[in-house]
Amino acid sequence: MATAGAPGHFVARFGDSESAKCSISAVPSTSSRQSLQFFHHKYQPCSLSMNGCQGDSRAPVGTIETRTFPAVPSPALAMNRLDSAISQLKSDPSPFASGIIRLQVPIQQQIEAIDWLHAQHHILLPRCFFSGRRTGNSDFFYCTNGNDISKGAPSFVSVAGVGSAVFFRHTYPFSYSDWKSIKRFLSKKCPLIRAYGAIRFDAKSNISAEWDGFGSFYFMVPQVELDELEGSSMLATTIAWDKSLSWTWEMAIDALQATLCQISSIVLKMRKEVPRTFILCNNHIPNKPRWDLAVNRALQLIDRSNSALIKVVLARSSRVVTTTDIDPITWLACLQVEGENAYQFCLQPPNAPAFIGNTPEQLFHRKYLSISSEALAGTRGRGGSITLDLQVEHDLLSSPKDHLEFTIVRESIRKKLEAVCEGVVVEPKKAIRKLPRVQHLYAHLTGSLRSEDDEYDILASLHPTPAVCGFPMEEARLFIAETGRCYIIVVCLFHCPRLPYILFGSFRCDIPKSSQTSFFNCLVLLAKERDL
């Protein structure tokens with residue numbers, strides 16, 4: 001039976017002007033995070049959409065709208081309602097040269113987004129999936145009725161999307177202009193129009209072939225989206241157009257209708273079981289001699305009295321070749337079972353691998369100007385009994401090595417928040433967060449942004465965290481670049497004012513074929529004693 005290992009991840013939340021904002025978190029070696037990547041050659045290039053990064057980020061779009069139709073009992077009836085609405089739109093073209101319109105139909109039954117996405121496995125288009133931590137109060141999404149959060153409205157559980165109404169991609173590093181290009185298509189009046197995507201760990205390094213589809217960053221606003229709510233669901237379509245990008249209203253309508261023709265309304269319950277298969281071979285990259293060399297070099301550099309490097313996170317991939325193709329959505333469903341109280345995600349650009357992951361952390365969340373953040377680092381397994389579990393917890397709390405590792409992460413986040421926030425408070429300063437298989441050292445940070453315009457600065461400064469890179473960040477990044485293996489990709493979610501923005505991260509995984517799976521084993525190297 002093929003199984004996957006777990007690298008470090010981090011999670012973040014952003015919003016728009018008055019929204020819930022960024023959240024991020026990260027993990028060391030034996031953590032509760034998992035990430036995999038599956039390559040499928042069948043996904044076609046992004047020709048049926050427009051690249052929003054090629055437009056003028058300073059020019060507002062002509063219209064941003066959300067239209068809600070009456071609730072229906074089933075996905076099939078929701079599809080019929082959307083088909084009819086789009087036909088009417090086609091006969092009555094928008095007068096605006098650019099815009100984005102979301103059409104949504106509530107469904108009077110809770111349909112799991114992962115099941116809906118699995119039912120669309122035959123569609124050769126980009127796709128995405130995000131699921132929140134299943135805690136008492138969902139901190140992933142909030143259901144709104146426009147400008148304000150609806151009191152008593154059902155919370156979002158997860159979201160799945162197929163096709164891209166508009167995407168944002170480039171090979172150069174993610175910049176303020178790119179951030180503005182995304183926000184150009186978002187509005188506080190339409191908080192459910194969102195863009196999901198990923199940012200590279202080190203955009204200065206060369207992009208390997210299997211990551212070419214992601215570029216230095218990739219975001220997409222889904223064409224067709226299934227929102228899973230508590231007790232109900234919502235099926236939605238999004239139309240985006242901009243004549244200045246040579247993507248007209250008519251082209252956007254035709255592309256959406258072509259996608260809708262492929263959507264299946266028959267959604268069956270998935271069996272969330274790890275698929276049984278045989279392993280043909282298992283290769284480690286780098287191999288053991290080169291891995292040992294990299295580890296020894298790092299230790300020697302850290303031990304030098306004149307070295308600024310205190311911590312570095314190294315990783316190697318294990319590429320597993322199996323006898324049968326592995327469906328990434330099936331594996332993602334298995335992560336949901338294993339990843340209680342964690343975020344799950346999947347991102348697959350056109351003609352690119354499916355990148356999936358599982359992480360419990362939220363690095364940055366903003367609502368209005370109030371922000372919160374989490375620092376997670378240091379890891380132990382769970383004990384087999386209550387007594388043993390308490391012993392493991394005590395060992396984690398009293399370990400000097402884990403205390404140093406955790407303190408580096410917590411203090412780095414605190415200092416970066418203080419640069420753009422007022423009244424930063426850390427409480428608790430050091431506690432235990434228990435998950436089904438592991439437990440981490442944990443701290444919670446809160447503060448208030450001085451200005452909502454500081455959103456991009458926070459993203460640029462917090463990514464990557466010491467938990468997934470090292471400390472100081474630049475010294476660790478340079479060492480990692482020399483070894484050529486430990487890269488991280490950040491998966492994030494942009495959206496509007498009063499909804500959160502989630503950012504997930506994970507070590508990169510390399511998979512050339514759908515019958516191959518890669519995962520990372522991580523190693524955290526620290527100085528024995530060093531002032532921060």
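**Reading strand β5**

Mentor: Let's start with β5: R127, F129 and S131 point one way, C128 and F130 point the other way, and all are buried. Here, strands are DSSP runs of E with at least two residues (helices, H or I, need at least four), numbered from the N terminus. Buried means under 20% relative accessible area, exposed over 50% and partly exposed in between, using a 1.4 Å probe on protein chains only.

Trainee: What should I know about the model itself?

Mentor: This is a predicted model, where local features need pLDDT of at least 70 and side-chain atom pairs count only at pLDDT 80 or more, while totals for chains, interfaces and linings use all residues. Residues are numbered from 1 along each chain as its sequence is written, and side-chain values use heavy atoms, leaving out hydrogens and water.

Trainee: Which way do side chains go in a regular strand?

Mentor: They alternate between the two faces of the sheet. In β5, five of the five residues are buried, so the strand is largely enclosed by the rest of the structure.

Trainee: Which strands pair with β5?

Mentor: Pairing requires DSSP to find at least two bridges between two strands. β5 runs antiparallel to β6 (residues 156–170), joined by five bridges. β12 (residues 343–348) also pairs with β5 in the antiparallel sense, over five bridges. Take F129: its bridge partner is A160 in β6 and C346 in β12.

Trainee: Is C128 buried or exposed?

Mentor: C128 is buried, at a relative accessible area of 1%. Contact means heavy atoms within 4.5 Å. Leaving aside residues up to four places away in sequence, C128 touches several residues, including L117, Y196 and M220.
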